[in-house]
Amino acid sequence: MSVQRLRQPEYTGKNRCTPCTIVNTAIAIFISVLASIISPVLGPTVFLASMLTIYLRGYLVPGTPKLTKRYVPDGVLRWFDKEAPNRSSDTEVRVNPEAVLLECNAVEPTEDGTDLELSSSFEQSWRSGMQSVTNPGINEIRSTISGVNNHLNFEQSGDSVIAHKNGEVVGQWDSTAAITADVAAANELVQRSPSWKKMTFAEKARILMSLRVFLEKCPACEGDIRLEDDVVESCCRSYDVIAASCTACDSQLFETEWNEELEATA
Ligand SMILES: [Zn+2]
């Protein structure tokens, strides 16, 4: 039988799950140590056979995703999750989006004080700014959001754009509508917030994404925005996402993992 026939593409190559591979490697080391107690030759043989199995089949022990989900902390899994949306770098972000937006009066507390809403002056300028964003794309993001010395890499697929810095995601836009919103908001925030120019790209992108939560009309077509929550399953974990998209043109404005920080701004 050829080696290729043993391969399970659904668990290897780009589908390989890093936490599951690590858990299985640990199991392989453990049973190899046990084997070497029985016989010094058996240990290395078991180890090589186990590693070959993990390489070809993605895991050693059937049902590992369940084991991984149960015993590896969610924070660790989250770090490895390829499909988790907006897995942006936390090391790069040292600002509190809500505080920045409140400070420059882009948002304000609602009348009953329990929530936040856009200030009417910001909303007006933001809306009219969106009309003058003519060609939403990487170049617009580059010229309005990024400053100097950012060493950013942009990746485009269809209408969505992802910004990377040193291999970490520092910004994500799922549609030209989202880019339009952010470019217009950035043009406004640069005038309102004294600290804006000193922030990193990741910080600005995080603040802009927090602002998109407040949109009620689509930046591309003025359609109503629909907010949905969903549970996404990946190899060894499941998580709640919250997504906003346009009911008219289907543009996705954001999709992000639901967490307390977002709860504070939403
Ligand atoms: Zn729309």
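## A walk through the predicted model

Nine bridges join β6 to strand β7, which covers residues 238-246, and the two run antiparallel. Residues are numbered from 1 along each chain as its sequence is written, and side-chain values use heavy atoms, with hydrogens and water left out.

Helices (H or I, at least four residues) and strands (E, at least two) are DSSP runs, numbered from the N terminus. Two strands pair if DSSP finds at least two bridges between them.

Back to our strands. β6 and β7 belong to an open sheet of three strands, in the order β6-β7-β8, with antiparallel pairing. The edges are held by β6 (225-233) and β8 (252-257), each with a single partner strand, so one side of each is left without a neighbour in the sheet. On average, neighbouring strands of this sheet are turned by 20° against each other, direction ignored. For such angles, axes are lines fitted to C-alpha atoms, for helices over the stretch in contact, and angles run from 0 to 180 degrees between N-to-C directions.

You can follow the pairing residue by residue. E228 has A243 in β7 as its bridge partner, and D230 stands opposite V241 in β7. On the β8 side, V241 stands opposite E257. β7 and β8 pair in the antiparallel sense over five bridges. They form a hairpin with five residues between them, and in the turn D250 has a positive phi of about 70°.

How enclosed is β7 by the rest of the structure? Here buried means under 20% relative accessible area, exposed means over 50%, and partly exposed is in between (1.4 Å probe, protein chains only). Seven of the nine residues of β7 are buried, so β7 is largely enclosed by the rest of the structure.

Now let us visit another sheet. Three strands form an open sheet in the order β3-β4-β5, with antiparallel pairing. Its edge strands are β3 (152-157) and β5 (168-173), each pairing on one side only. Neighbouring strands of this sheet are turned by 25° against each other on average, direction ignored. Strand β4, residues 160-165, is joined to β5 by five bridges, and the two run antiparallel. K165, for instance, has E168 in β5 as its bridge partner.

A helix accompanies this sheet: α10 lies across β3, β4 and β5, running at about 35° to β5. Within α10 (residues 201-212) you will find A205, which is buried with a relative accessible area of 7%. Leaving aside its neighbours within four places in sequence, A205 is in contact (heavy atoms within 4.5 Å) with V170, G171 and W173. A205 and P97 are 108 residues apart in sequence, and their C-alpha atoms are 9.8 Å apart in space.

Helix α9 (residues 176-192) is where T180 sits. At 7% relative accessibility, T180 counts as buried. Neighbours within four places in sequence aside, T180 is in contact with M130, V133, P136 and P219.

Another stretch to look at is residues 21-38, which UniProt lists as "transmembrane region" in an unreviewed entry. UniProt positions are given in the numbering used here, feature names are shortened, and annotations may be inferred rather than shown by experiment. In the model, residues 21-38 are 100% helix and 0% strand, and the end C-alpha atoms are 26 Å apart.

What about the cysteines? C218 is buried, with a relative accessible area of 0%, whereas C221 is partly exposed at 33%. With a disulfide taken as a pair of cysteine sulfur atoms within 2.5 Å, the count comes to zero disulfides.

Finally, step back to the whole protein. The secondary structure comes to eleven helices and eight strands. Of the 266 residues, 44% are buried. Among contacts with a separation of 6 or more, 58% come from residues 24 or more positions apart. The accessible surface comes to about 14500 Å², of which 52% belongs to carbon and sulfur atoms. Accessible areas come from the Shrake-Rupley method with a 1.4 Å probe, and for residues only the protein chains shown count as cover.

Technical notes:
Predicted model: local features only at pLDDT ≥ 70, side-chain atom pairs only at ≥ 80, totals over all residues.
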